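Visitor: I have a chain open on my screen and would like to talk it through. Could you take me around it?

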Amino acid sequence: MDAILKTEGLTKQFGAMTALDNVSLTCQAGHIVGLLGPNGSGKTTLLKLVNGLLAPTSGRVLIDGLAPSPSTKARVSYLPDHTYFDNWMKVRDCVGLFADFYADFDRTKATDMLKALGIDTSMTFRTLSKGTREKVQLALVMSRQAQLYLLDEPIGGVDPAARDFILDTIIKNYNENGTVVISTHLIADVEKVLDDVIFLNAGRVMQISSADELRERTGKSVDEVFREAFRC
């Protein structure tokens, strides 16, 4: 399969601090990839660079062979690690905004997904819990027919009982020809859905592997390998 995402020597500095250091990786089309690392490892910075929200200090990002640009934004569906809708907006307003902004947005899918999540579209963001806000944003992001889905901590703000439902929502609703990159430090919860894993620490890639190959080679779960690699 072709690579939908590739980085070459990607480095990002903020003043004297190096957030990413010479990161080179490839994500194949049709795979669910875990971008795994502790808080502060550079996961969010990497996703922002891929999405074109930050410019690299050096190195480059390629999305389906193209540098981040307005044309690649049409291929990427991005879930940031924070809420970006205004508090006065109703959930149905958010659905309408996505429908107006993204040509590949499926309004029916979004409405059905919100209903399955038990979310009343007449409610305003101000009245929603943090976890419900994240569910709304996830439903909208996953209702696009994108080539690349970038999900920054999609289960970080929801209770453990809802995590399996959220992951099931991701698996059932992404474009099967697309690629999903899930950034998280909650490895045990996402491990079962991952095809490939990327371990990131202090801005550097520690390991890239298929999830099955890693388990076979080590005789351990991805979560166990992660805990050993990042043990304090």
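Guide: Let me begin with a term: a residue is called buried when its relative accessible area is under 20%, and exposed when that area is over 50%. Please keep in mind that this is a predicted model. By that cut-off, buried residues make up 49% of the 232 residues in the chain.

Visitor: What does the secondary structure come to?

Guide: The chain has nine helices and nine strands. Its radius of gyration is 17 Å, close to the 17 Å that the globule rule gives for 232 residues, so the chain is as compact as a globular protein of that length. Along the principal axes, the C-alpha atoms fill a box of roughly 45 × 35 × 35 Å.

Visitor: Which residues touch the most other members in the largest nonpolar core?

Guide: They are Leu140, Met142, Leu151 and Phe199, in a core of 48 residues. Helix 5, which covers residues 130–141, gives the most to this core, with five residues. Apart from it lies another core, of 22 residues, and Ile4, Leu10, Val23 and Val61 are among them. As background, nonpolar side chains in soluble globular proteins tend to be buried together.

Visitor: And Met142, what does it touch?

Guide: Leaving aside residues up to four places away in sequence, Met142 touches Lys109, Met113, Tyr149, Leu151, Ile170, Asn173 and Tyr174.

Visitor: Then Ser143: where does it lie, and is it buried or exposed?

Guide: Ser143 lies in the loop between helix 5 and strand 6, the latter being residues 148–152, and Ser143 is buried, with a relative accessible area of 0%. With residues up to four places away in sequence again left out, Ser143 touches Asp104, Phe105, Asp106, Lys109, Ala110 and Met113. Ser143 and Tyr174 are 31 residues apart in sequence, while their C-alpha atoms are 7.4 Å apart in space.

Visitor: Changing topic, which residues other than glycine have a positive phi?

Guide: Glu153 is one of them, with phi near 50 degrees, and Ala202 is another, also with phi near 50 degrees. For context, most residues other than glycine have a negative phi.

Visitor: Where are those two, and are they buried or exposed?

Guide: Glu153 is in the loop between strand 6 and helix 6 (160–173), and at 16% relative accessibility Glu153 counts as buried. Ala202 is in the loop between strand 8 (196–201) and strand 9 (204–210), and at 55% relative accessibility Ala202 counts as exposed.

Note on methods. Residues numbered from 1 in each chain as written. Predicted model: local features only at pLDDT ≥ 70, side-chain atom pairs only at ≥ 80, totals over all residues. Heavy atoms only, no water. Core = buried A, V, L, I, M, F, W, Y, C linked by side-chain atoms within 4.5 Å. Buried < 20%, exposed > 50% of the residue type's maximum accessible area, 1.4 Å probe, protein only. Helix = DSSP H or I, 4+ residues; strand = E, 2+ residues; numbered from the N terminus. Contact = heavy atoms within 4.5 Å. Rg over C-alpha atoms; globule rule 2.2 N^0.38 Å.
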